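Welcome! Take a moment to look over the structure below, and then we can walk through some of its features together.

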Amino acid sequence: MFEIRLHGFLLWASMGFLMPVGILAIRMSNRQECGTRLKILFYVHVVSQILSLLISTAGAVMSVKNFNNSFNNHHQRLGLALYGIIWLQALTGVLRPCRGSKGRSGWFFAHWLLGTAISILGIINIYTGLRVYHEKTSRSIKPWTIVLTAEISLIAFVYLFQDKWLYIQKQGLILGDESVTPKQQDSSSTEKQKESSSEKC
């Protein structure tokens, strides 16, 4: 029972926490042009992904040593596929071409696609792991399912909100030194329409 719980905790820490944090960090770095903040976000991404790789590998070693790996359920099959894809993703991260080189756009697409696939499949596998835990122990998984769903929802909200935050900030236009609110903008556009209609007459 201890090994099962530890395996679950390790894989949650890897797939359910560190990997999404690394993705959020690199997503936030897209808004930074250069400087210290960009470097910090990049290193948060790298360190969280390396830790995620090491922890998931520890979870994989535990499952090989301690569990019956007959691969007769979705959790085990998906877990095996994930271990392979995670190491492939790590390899693509190490082989990152320099900016401006010919292969950079292809590499970026492959790295993004693999990262997205690992995150989605990893989260799905946490849910299937909880179900397997319930089947083996008959213990309730409802509290863990609720906590995991709340965490994933929060991460998804932050991920999607980042683009909208810039849009929200730009809703007030700046003309010279004066900030124009949407109401002022509407009234000024109405006045311009009046002026143009009077010119036509």
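## Helices α3 and α4

Helices α3 and α4 run roughly antiparallel to each other, because angles over 145 degrees count as roughly antiparallel and theirs is about 155°. Keep in mind that this is a predicted model.

To find the pair, look for α3 at residues 74-94 and α4 at residues 104-137. Their axes lie 9 Å apart, and the crossing of α3 and α4 is left-handed.

## Helices α1 and α2

Now turn to the start of the chain. Helix α1 covers residues 2-29, and helix α2 covers residues 36-66. How far apart are the axes of α1 and α2? They are 8 Å apart, and the two helices pack at an angle of about 160°. That angle is over the 145-degree cut-off, so α1 and α2 are also roughly antiparallel to each other. Here, too, α1 passes α2 in a left-handed crossing.

## From M28 to Q162

Within α1 you will find M28, a partly exposed residue with a relative accessible area of 32%. Although M28 and Q162 are 134 residues apart along the chain, their C-alpha atoms are separated by 7.3 Å.

## A nonpolar surface patch

Which residues form a nonpolar patch on the surface? They are L154, F157, V158, F161, W165, Y167 and I168, and together they have about 690 Å² of accessible area.

One of them, V158, sits in helix α5, which spans residues 142-169. V158 has a relative accessible area of 32%, so V158 is partly exposed: the value falls between the 20% limit for buried and the 50% limit for exposed.

Conventions. Residues numbered from 1 in each chain as written. Predicted model: local features only at pLDDT ≥ 70, side-chain atom pairs only at ≥ 80, totals over all residues. Heavy atoms only, no water. Patch = residues over 30% accessible without salt bridge, like charges linked within 9 Å, V, L, I, M, F, W, Y side chains within 5 Å. Areas by Shrake-Rupley, 256 points an atom, 1.4 Å probe, with all protein chains shown as cover. Salt bridge = Lys/Arg side-chain N within 4 Å of Asp/Glu carboxyl O. Helix = DSSP H or I, 4+ residues; strand = E, 2+ residues; numbered from the N terminus. Buried < 20%, exposed > 50% of the residue type's maximum accessible area, 1.4 Å probe, protein only. Axes fitted to C-alpha atoms, helices over the stretch in contact; angles between N-to-C directions. Parallel < 35°, antiparallel > 145°, perpendicular 65-115°, else oblique. Left-handed = near helix turned anticlockwise from the far one by under 90°.
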